[in-house]
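Open the model in your viewer and keep the selection panel at hand. The tour goes stop by stop.

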Amino acid sequence: MAVAVPKRIASGIINALKGGVVPRTGLGYIAVGRTAEINALLHDVDITEEGGAFFRFIVGRYGSGKSFMLQTMRQHLMDRGFVTADADLSPERRLMGTKGQGLATYRELMRNMSVRTKPDGGALPLILEKWITAVRTDVVSEGTSPDSPFFDAAVEKKIYTKISGLEDMVHGFDFARVINAYHKAYMMGNDEKAACAVRWLRGEYSTKTEAKQDLGVNVIITDDNWYDYIKLLTAFFVSAGYKGFVIMIDELVNIMKIPHAVTRQYNYEKILMMYNDVMQGKASHLGIIMGGTPQCIEDTRRGIFSYDALRSRLERGRFATDETHDMLAPIIKLQPLTYEEMTVLAEKLAEIHAGLYGYENRMTLEDRIFFIKAEYSRVGADTNITPREMIRDFIELLNIAMQNPDKTIPQLMGEESFEFAKPDGEEAAEEKDGFEDFEL
């Protein structure tokens with residue numbers, strides 16, 4: 001029996017997929033396949049939850065499902081009690097830059113910071129409030145009443161105890177001062193001061209003078225040091241009761257597109273630094289996932305493999321092949337969805353579409369297989385067609401079928417001469433040529 005999807009979520013799913021983008025919510029209703037890839041990443045998450053760290057690249061062609069994988073993992077992580085943040089690189093957002101492009105990426109991560117109770121981004125103030133509430137609860141549980149004249153002093157002492165470990169990290173002392181400034185402003189009801197602390201944590205101060213004036217700290221988050229603050233935030237989130245922090249950075253192809261070789265190298269050096277830091281155990285409770293196309297990874301002239309130190313770390317070994325994958329390697333290469341998986345996905349989409357627009361779903365299994373066979377029969381489809389294109393075509397077909405209920409799916413597709421299921425078994429088998437291995 002089909003699962004009823006709330007219309008708000010169904011509308012978001014259909015509109016996003018029709019527009020060629022991944023919906024932010026409701027992915028569980030349409031998730032199919034990718035079991036091996038997700039299980040490999042969830043194994044990394046298990047280790048991170050226990051204090052480890054991981055760094056993975058998700059690689060696939062445009063429309064192959066990279067962004068879908070990242071958003072699916074984002075949902076898994078929030079359900080597991082992690083803080084997540086995601087950002088797409090662009091000409092204005094890189095890992096390093098001469099005009100603040102690295103800081104722009106950090107700011108985008110902060111804007112998209114999410115937890116289970118706030119999945120749509122902007123979760124930093126919520127996390128700060130949760131942390132302060134937890135500290136106050138600890139003080140009460142240790143025997144100091146909120147009515148006691150010593151309560152505020154006890155809370156402040158507890159805060160310093162909790163953040164003292166952060167002071168040993170790079171930039172930790174100033175980070176701790178900002179957290180304490182937020183606490184004082186929060187307790188006094190000084191919303192303006194609290195907003196200044198949040199603004200500093202989001203990397204929105206442009207000068208040290210302004211930060212000094214507002215918060216009494218002599219540093220700000222910049223292009224050069226933003227990754228240090230990712231690690232500080234991770235430690236802070238863990239002290240607030242979360243399992244860890246996972247950042248997801250997509251569209252690595254925008255680094256490959258940088259015209260200046262030196263600037264590209266600086267960005268690849270940043271990736272190398274982050275990769276070494278995570279893989280050598282210098283980070284804890286932190287996960288980093290980056291997404292890109294095969295070309296932006298493997299191109300030895302402009303891609304990540306043009307930087308020898310990264311190529312030697314990430315290149316596939318002698319024994320892994322396209323048929324036998326190593327899911328524990330740093331790079332996870334997405335394989336095409338199978339015919340069976342596409343058929344199941346088409347069924348889910350047909351049910352969601354019918355529920356959203358309030359009509360009876362008349363798309364049969366034969367109709368779905370007919371559609372998939374027609375898509376794969378196009379010239380070059382085996383190597384060029386992607387799930388994004390097929391989903392977009394299928395939703396268009398559902399729209400047209402809904403508006404033309406008197407026509408069959410083959411008629412709407414202009415393929416009336418083909419009938420998948422015929423009474424004559426021999427004739428039907430003949431028409432099924434090319435789908436011999438398609439078992440449902």
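**Start at the sheet**

Select residues 53-59 and 286-292: strands S1 and S4 pair here in the parallel sense over seven bridges. Strands (E, at least two residues) and helices (H or I, at least four) are DSSP runs, numbered from the N terminus. Two strands pair if DSSP finds at least two bridges between them. Now pick Phe57; its bridge partner in S4 is Met290.

The model is predicted: local features need pLDDT of at least 70, side-chain atom pairs count only at pLDDT 80 or more, and totals for chains, interfaces and linings use all residues. Residues are numbered from 1 along each chain as its sequence is written, and side-chain values use heavy atoms, leaving out hydrogens and water.

Show the whole sheet next. What is the order of its five strands? The order is S2-S3-S4-S1-S5, in an open sheet with parallel pairing. At the edges lie S2 (83-88) and S5 (331-333), each pairing on one side only. Neighbouring strands are turned by 20° against each other on average, direction ignored.

Select residues 66-79. This is helix H3, packed on the sheet and touching S1, S2, S3 (245-250) and S4. The direction of H3 makes about 170° with that of S3. Angles run from 0 to 180 degrees between N-to-C directions; axes are lines fitted to C-alpha atoms, for helices over the stretch in contact. Contact means heavy atoms within 4.5 Å.

Move to residues 101-111. Helix H4 lies across S2 and S3, at about 135° to S2.

**Zoom out**

Colour by secondary structure: the protein chain has 20 helices and five strands.
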